Amino acid sequence: MSAIDTKGAVESVFREQSGRIIATLIRISGSFDWAEEAMQEAFASALASWPQTGIPRNPAAWITTVAHRKLIDRGRREQTVQQKEDSLRYETPSIHVPDDLDIEQQIMHFPDDRLRLIFTCCHPALNQGAQVALTLRTLCGLSTPEIAKAFLLPEATLAQRLVRAKRKIQEARIRYEVPPSDKLPERLGSVQAVVYLVFNEGYAATAGDQLVRRELCAEAIRLGRLLCELMPDESENIGLLSLMLLQDSRREARVRDSKLVTLEEQDRSLWDYVEIEEGLELLERALRLGPVGPYQLQAAIAAEHAQGRSSADTDWQEIAVLYERLRAMNPSPVVALNHCVAVAMSVGFSEGLRRIDALGESVELQHYYLYHAARADILRRMNHRHEAAQAYRRALEYTTNRVEQEFLQRRLREMVSSEC
Amino acid sequence: MRYMLLIYSKETSSATPEELQGIAGIHREVMNEAFEKGVFRAAEPLKPTSTATTVRMHNGKALTTDGPFAETKEQLAGYYILDCQDLDEAIDWAKKIPTACCGGEGCIEVRPIHEIQQPS
C-alpha cells in the first residue's frame, strides 16, 4: 500500500473515530492532556507502520491499543520521576494507568465514553466559551488553530482557554461521568446549548472565512447526530437535530454574490430537500416521543417555513401560534420580537408594529439590531418610507457583520430613493 | 478532596430576628447532615465587615486600614470546609447552604483546597 493511501486512511480514521478513541483514553488515564498526546503519537505510529502491515481490521482498536501502551509507559516514567523528587512537593494529580485492559472489549463495552466526554466538556462549572472549545477539540478533533479561526479569536486566547478548562477539570475534580438522572435535564440543557451555539456561529456569521465557518455547521450537526445516537429517547435531542437540518437546508440560498438573501426572496430550488425531508421526519418523531421543548418548537417553526412552495404559502398564523408557545416556555425578548413579527404577518402590520413598539418600551431591545430591522421591515411593508429609513439607520448602528450591514444599506437606499 | 465553600452575603440588616434565627437553624441542619455523612470538616460564621481590618505590606511597611474595600456588594460572611468526592457533590452542598445570613442575598463560592503534602 502506498504512503498516500495510508495517509488518506489514517485521516479518515481520525475524522470518524478520534472522538471515540480519545473519550476512552481519557477514561483510562483520567487526563485530557495525556490522552491527547498518546493519541497523537499513536496516529503517527499508524502513518509509519500501516504502509508495511496494511490497514488493520479494526483501525480504531489498533490506535487505542498503541495509545494505551504509550500511556502505560508514561505512567511508569512519571512514577520514577516522582519517587526521585518525593521530598517536599505539592500534590500532583496522580494518574494511574491500568495495564491489563482488553482494548477491543473496552471500545465495545463502553459506548458511554463519548457521552461521559460530552457531559464533562459541557459541565456548567466551565464557562461556555471553554465548553465549546473543549467539545470541538476533543469530540470533533478540530485543531486549536482551526477552532480559533472559526471563532475569529487569536490562537493564543483559544489555547489559553483550553489549558484553563482542562486544569479546572483536573484540579476542581469535575467527574468524568454521565450525570445521574436527577441532574440530567439541567446538564443535558447545557450540552444542547453548546451544540446549538456551534451551529449558530457557523450559520449566522457569514463574515470571515466562509469555508471554515460552514464547517462549524457540519460539526454541530455531527454532534447533534451523536447526541441522538447516544440518548435516543430524549425528544429535545431529536428536536435540536431537526432544527439544525432545517436551517442548514437553506445555506446555499441565504447568500448570493456575498449578499444576504431574506427567506422571502430566496430561490427555493437551492434549498437542500434531502435535509428538509430528514428534518421533517425527525420533528415528527420528536413530537410523538414528547415532551415538547423549545428546540422542537423552533424546529416546527423552521418546518413551516420549509414546507411552503413559495413565501406567499407560508402559514404565518400557525407560526404565530408556535411562537406564542415558545414564548411561554422561553420568555426571552428575542422570542417575543419574533412573535410580534409573526403577528404582523398574520393579523396585520399595524397590530404587529403596535406590539413591537410596546415590547421596545418594556424590555431592553434598543441596542439590538434585529429589533430595529424588524420594525423597519414592517414599516417598509406598510409603505411608511421615511420611518422605515429611520429604523434602518438605527439598525445599522448596532450591526457589526459586513453581510448584514450591506443588506440593511441596500434596503435603506431603496427607502430613500423612493422617498424623493 | 476538601472544598472550601465561601459564603458571600450582602450586609443589610433588613432581616428580622426571627428570620435570622430561621437561617441559623438551616445552617445547623446542613452541618448536622454533613456531619452524619462524614463530609463535615469545619464551618464558622464571621463577624460583619464593620469589625474587619485590612493589613497590606507596602515597601516593607504594614499599612493598616479599617474594613475591607467598601465598594464590593457582597462580603465574606462565613465558610464551610467539606470533604467531597467531586465538584458536583460540593455544588450540591452549596445549594443547601443559606446565603442570607446578614439579611441580604448572596452566593457561595466553591474552591478546592490545595492540599500540601507533609514532608516525609
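**Figure 1. The loop holding A:Pro291 lies between helix H13 (273-289) and H14 of chain A.** Helices (H or I, at least four residues) and strands (E, at least two) are DSSP runs, numbered from the N terminus. A cis peptide bond joins A:Gly290 to A:Pro291, with omega about -5°. Most residues other than glycine have a negative phi, and most peptide bonds are trans. The model shown is predicted: local features need pLDDT of at least 70, side-chain atom pairs count only at pLDDT 80 or more, and totals for chains, interfaces and linings use all residues. Residues are numbered from 1 along each chain as its sequence is written, while chains are lettered from A and ligands numbered from 1 in the order in which they are written.

**Figure 2. Helix H15 (residues 316-329) of chain A has 14 residues.** From first C-alpha to last, H15(A) reaches 20 Å, close to the 20 Å expected at 1.5 Å a residue; the expected span is 1.5 Å times one less than the number of residues. The buried residues of H15(A) are A:Ile319, A:Ala320, A:Leu322, A:Tyr323 and A:Leu326. Seen down the axis of H15(A), these buried residues fall within an arc of 165°, so they line one face of the helix. The arc is that of the directions from the helix axis to the C-beta atoms. A residue is buried if 20 or more other C-beta atoms lie within 10 Å of its own, exposed if 12 or fewer, and partly exposed in between, with C-beta atoms placed from the backbone. The buried residues of H15(A) pack against helix H14 (294-307) and helix H16 (333-346) of chain A; contact requires C-beta atoms, placed from the backbone, within 7 Å.

**Figure 3. Helix H5 (residues 113-121) of chain A is largely enclosed by the rest of the structure, because eight of its nine residues are buried.** Among the buried residues of H5(A) are A:Asp113, A:Arg114, A:Leu115 and A:Phe119.

**Figure 4. A:Leu25 is one of the residues with the most contacts inside the largest nonpolar core.** This core has 120 residues; a nonpolar core is a set of buried Ala, Val, Leu, Ile, Met, Phe, Trp, Tyr and Cys residues joined through C-beta atoms within 7 Å. Leaving aside neighbours within four places in sequence, A:Leu25 is in contact with A:Ala35, A:Ala38, A:Met39, A:Thr64, A:Ala67 and A:Leu71.

**Figure 5. Four strands of chain B form an open sheet in the order S2-S5-S1-S6, with antiparallel pairing.** Strand S2 (40-45) and strand S6 (106-112) are the edge strands, each pairing on one side only. Two strands pair if DSSP finds at least two bridges between them. Seven bridges join strand S1 (residues 2-10) of chain B to S6(B), and B:Tyr3 stands opposite B:Pro112 in S6(B).

**Figure 6. The hairpin of S3(B) and S4(B) has two residues between the strands.** Six bridges join strand S3 (residues 53-58) to S4(B), and the two run antiparallel. B:Thr54 stands opposite B:Thr65 in S4(B). None of the six residues of strand S4 (residues 61-66) of chain B is buried. In the loop between S3 and S4 of chain B is B:Asn59, which has a positive phi of about 50° although it is not a glycine. B:Asn59 is exposed, with 5 other C-beta atoms within 10 Å.

**Figure 7. A:Asn383 lies in the loop between helix H18 (369-381) and helix H19 (385-397) of chain A.** Phi of A:Asn383 is near 65°, a positive value in a residue other than glycine. A:Asn383 counts as exposed, with 10 C-beta neighbours inside 10 Å.

Note on methods
Two residues are in contact if their C-beta atoms, placed from the backbone, lie within 7 Å.
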